[in-house]
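Visitor: I would like to go through the side-chain contacts of this model with you. Could we take them topic by topic?

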Amino acid sequence: MEKINAVITGVGGYVPDYILTNDEISKMVDTNDEWIMTRIGVKERHILNEEGLGSSYMARKAAKQLMKKTGANPDDIDLVIVATSTPDYHFPSTASILCDKLGLKNAFAFDLQAACSGFLYLMETGANFIRSGRYKKIIIVGADKMSSMVNYTDRATCPIFGDGAAAFMLEPTTEDYGIMDSILRTDGKGLPFLHMKAGGSVCPPSYFTVDNKMHYLHQEGRTVFKYAVSSMSDVSAAIAEKNGLTKETIDWVVPHQANVRIIEAVAHRMELPMDKVLVNIEHYGNTSAATLPLCIWDYEDKLKKGDNIIFTAFGAGFTWGAVYVKWGYDGKKEQ
């Protein structure tokens, strides 16, 4: 029997219209464009500021574009998985809202939470549903409204994050393309360094938690930076070695867009020139689970069938990993 693998057959993306610039941020906190660009590498970030809209709205926009580009029939979608740390609600899942909004009648759906590594975990999870032979069309979406948990009086974190969503279609193939391999890790050591203190079952919302600003993202930047550089570098080098890839045969690296210095350090460690590294942090900031697919959405027209691509990310938990993809089609903006 021929071996089934999961191949990416299309990509869709969405970022909100409103752009928050460094000049605007410098009016909120004591910072400036030069400081932000030097230390983080973000020039602007898109913010979903319309009342009553959450991550599912951006996910819907990205998934609709994806379905249009791939010519997918809503009745043929078997499964929808959304990676998000900023779901519309604790429950129901953001993926279930998406099924309703997209008019999907035959799909089941669930959310996956692995912070900024969410889309890596999604690719492996979705691929395994395809490999089982029971599912033919799966939509995976990374969507995060990071502005909903950023404290815009905290100069250490507020310049970093933005909002956005992007989606991949996964389908079966017997050709030598698709999601080829992954190395995924979680160690649980990251809780003190990157978390939201309140709002969960350990510390439910109260007047005290709101008054004490406990519903915002808390990050100890230096520690997270150090772990991110070593973890993403090590795992990217490991997956390349495991699959016999060299700096000559790797076509692209798609790193999580959290900090331009982390991205540069990973490229340096892999001895890769920066022109093989896909970077769009300058225009979007860190959109958490959306960064990896948004990067592909941005650079889709550069991709060729058979390109060797390594995706890598690092997130709260700590969670990290790398996924090796052999790209399945010649990219062009409108398929």
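**Contacts in the predicted model**

Guide: Aspartate 181 counts as buried, at 15% relative accessibility. Please keep in mind throughout that this is a predicted model.

Visitor: With which residue does aspartate 181 form a salt bridge?

Guide: Its partner is lysine 242, and the closest N and O atoms are 3.0 Å apart. Because aspartate 181 belongs to strand E8 (residues 178–186) and lysine 242 to helix H7 (residues 221–242), the pair ties together parts that are 61 residues apart in sequence.

Visitor: And lysine 242, is that one buried or exposed?

Guide: Lysine 242 counts as exposed, since its relative accessibility is 52% and the cut-off for exposed is over 50%.

Visitor: How many salt bridges are there by this rule?

Guide: The count comes to seven. One of them joins the side chains of glutamate 300 and lysine 69, at 3.0 Å from N to O. Glutamate 300 sits in the loop between helix H10 (291–299) and strand E12 (308–315), while lysine 69 is in helix H3 (residues 55–70), 231 residues apart. Both glutamate 300 and lysine 69 are buried.

Visitor: What does aspartate 234 meet in a salt bridge?

Guide: The side chain of aspartate 234 meets that of arginine 269, at 2.5 Å from N to O. This pair links helix H7 with helix H8 (residues 260–269), 35 residues apart. Aspartate 234 is partly exposed at 38% relative accessibility, and arginine 269 is partly exposed at 43%.

Visitor: Changing topic: how many aromatic pairs does the structure hold?

Guide: It holds 14 aromatic pairs. In one of them, phenylalanine 108 and tyrosine 135 have ring centres 5.9 Å apart and planes at 55°, so the pair is tilted. Phenylalanine 108 is partly exposed, with a relative accessible area of 35%, whereas tyrosine 135 is buried at 15%.

Visitor: Which residues do ring pairs link into a cluster?

Guide: The cluster consists of Phe119, Phe168, Phe311, Trp327 and Tyr329. As for charge over a ring, arginine 155 lies over the face of tryptophan 35, at 5.4 Å from the ring centre.

Visitor: Finally, the largest nonpolar core: which members touch the most others?

Guide: Among its 42 residues, these are Met123, Ile140, Phe168, Ile296 and Phe311. Helix H5 (residues 118–131) supplies the largest share, seven residues. At least three residues come from each of domain 1 (5–176) and domain 2 (180–327).

Visitor: What about a second core?

Guide: A separate core of 41 residues includes Ile47, Leu194, Val260 and Trp320.

Conventions
Residues numbered from 1 in each chain as written. Predicted model: local features only at pLDDT ≥ 70, side-chain atom pairs only at ≥ 80, totals over all residues. Heavy atoms only, no water. Core = buried A, V, L, I, M, F, W, Y, C linked by side-chain atoms within 4.5 Å. Buried < 20%, exposed > 50% of the residue type's maximum accessible area, 1.4 Å probe, protein only. Helix = DSSP H or I, 4+ residues; strand = E, 2+ residues; numbered from the N terminus. Domains from an automatic or database assignment. Phe/Tyr/Trp six-rings, centres within 6.5 Å; stacked < 30°, edge-to-face > 60°. Lys NZ or Arg CZ within 6 Å of the ring centre and 35° of its normal. Salt bridge = Lys/Arg side-chain N within 4 Å of Asp/Glu carboxyl O.
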